Amino acid sequence: MHGESPTRDAKLAVLAAKQHGVVAYRQLIAIGFMRGAIQHRLLTKRLHGMYKGVYSVGYPAETAEAWEMAAVLACGRGAVVSHWTAVSRWELLRPTRGYVHVSVPSDRRVKGIRIHHVKLHRSDYTKRNGIPITTVPRTLLDLAAVAPLSQLRRATNEAARRGKLNRQAIRDLLDRNPRRTGTKALTAVIAAVDPQTRRSRSDLETAFLALCRKYGIPTPVVNATVAGLEVDMHWPGTRLIVELDSYQYHRTPAEFDNDRRRDARLKVAGYEVLRISDQWLNTDPRGVAQTVYSLVTSGSIASSE
């Protein structure tokens with residue numbers, strides 16, 4: 001009754017390999033498994049239940065990709081990973097735990113999945129590692145509706161840093177959704193993103209410029225070229241340079257060494273380099289402001305040019 005078909009097993013292996021080891025009940029039926037054979041595989045631990053009508057093949061699912069693929073399969077036609085799960089999958093913010101977020105065009109509910117009922121435009125979704133998912137622009141719009149502005153800025157800056165901000169796609173998206181919750185917030189954040197440079201779009205540099213405004217520090221030139229090197233912040237007429245250090249960008253021995261070589265080259269050229277870490281900026285903004293203001297306004301670092 002439960003005899004195995006090599007052809008059927010081969011089809012199952014190919015299907016599971018394409019879907020992070022996950023298959024749906026309807027797919028098993030389509031490749032020739034009868035209800036009794038499916039139940040037998042569940043009893044013998046060759047299939048493992050995930051969501052209703054979705055199983056992992058061979059072993060219990062362990063990866064985030066497997067659970068995301070399973071959630072999409074459980075939600076049916078037109079379902080795509082979205083919202084916080086898509087933010088994590090695109091690596092725009094730190095991965096989140098909890099329910100997988102899925103957008104579906106129908107009024108469908110599946111236990112254990114956070115479902116958003118929305119009809120997506122064909123330009124709003126794609127695939128990443130074989131998993132249907134909202135595009136980066138659509139993901140940012142969805143995030144804008146549910147997240148604090150600070151998180152939206154970080155995610156947008158990270159998308160820009162990774163070269164994933166397709167400005168035309170974003171304009172088209174905003175034009176299609178003029179009254180959707182989050183459109184105003186995303187429009188404002190996108191407008192603040194500098195399309196010409198990569199580093200000046202970072203959240204760290206944005207935060208430093210905001211600090212300058214708040215504490216009355218003269219506005220520096222961002223990504224200026226000094227002594228043949230591109231520096232984070234420079235005040236023309238002074239010898240002061242501020243370099244903003246984030247562990248994300250300065251975490252390897254090569255990067256650490258390169259920073260010291262750059263500082264030495266700038267010092268030989270007559271400049272003073274102040275390095276400000278993201279931790280210092282986040283935990284002691286007043287201290288950072290007092291230090292920078294004192295140096296910028298000090299006659300001791302006035303340029304001799």
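This is a predicted model: local features need pLDDT of at least 70, side-chain atom pairs count only at pLDDT 80 or more; totals for chains, interfaces and linings use all residues.

Residues are numbered from 1 along each chain as its sequence is written, and side-chain values use heavy atoms, with hydrogens and water left out.

Together with Cys75, Leu92, Val102, Ile113, Leu140 and Leu186, Tyr51 is among the residues with the most contacts inside the largest nonpolar core, which has 46 residues. Such a core is a set of buried Ala, Val, Leu, Ile, Met, Phe, Trp, Tyr and Cys residues joined through side-chain atoms within 4.5 Å, where buried means under 20% relative accessible area, exposed over 50% and partly exposed in between, with a 1.4 Å probe and protein chains only. The largest share of this core, eight residues, comes from helix H4 (residues 64–75); helices (H or I, at least four residues) and strands (E, at least two) are DSSP runs, numbered from the N terminus. A second, separate core has 18 residues, including Leu240, Leu274, Leu281 and Ala289. In soluble globular proteins, nonpolar side chains tend to be buried together.

Now for the charged side chains. How many salt bridges does a search of the whole structure find? The search gives 16, each being a side-chain nitrogen of Lys or Arg within 4 Å of a carboxyl oxygen of Asp or Glu.

One of them joins Arg161 and Glu158, at 2.9 Å from N to O. Both residues lie in helix H7 (residues 149–161), three residues apart, about one turn of the helix. Arg161 is partly exposed at 23% relative accessible area, whereas Glu158 is buried at 10%. These two also take part in a network of salt bridges with Glu91, Arg128 and Arg162.

Arg275 has two partners to look at. With Asp245, the closest N and O atoms are 2.7 Å apart. That pair links distant parts of the chain, 30 residues apart: Asp245 sits in strand S11 (residues 240–245) and Arg275 in strand S12 (residues 272–277). With Asp263, the N to O distance is 2.9 Å. Here helix H11 (residues 253–268), which holds Asp263, is linked to strand S12 across twelve residues. Asp245 is buried at 15%, Arg275 at 18% and Asp263 at 19%.
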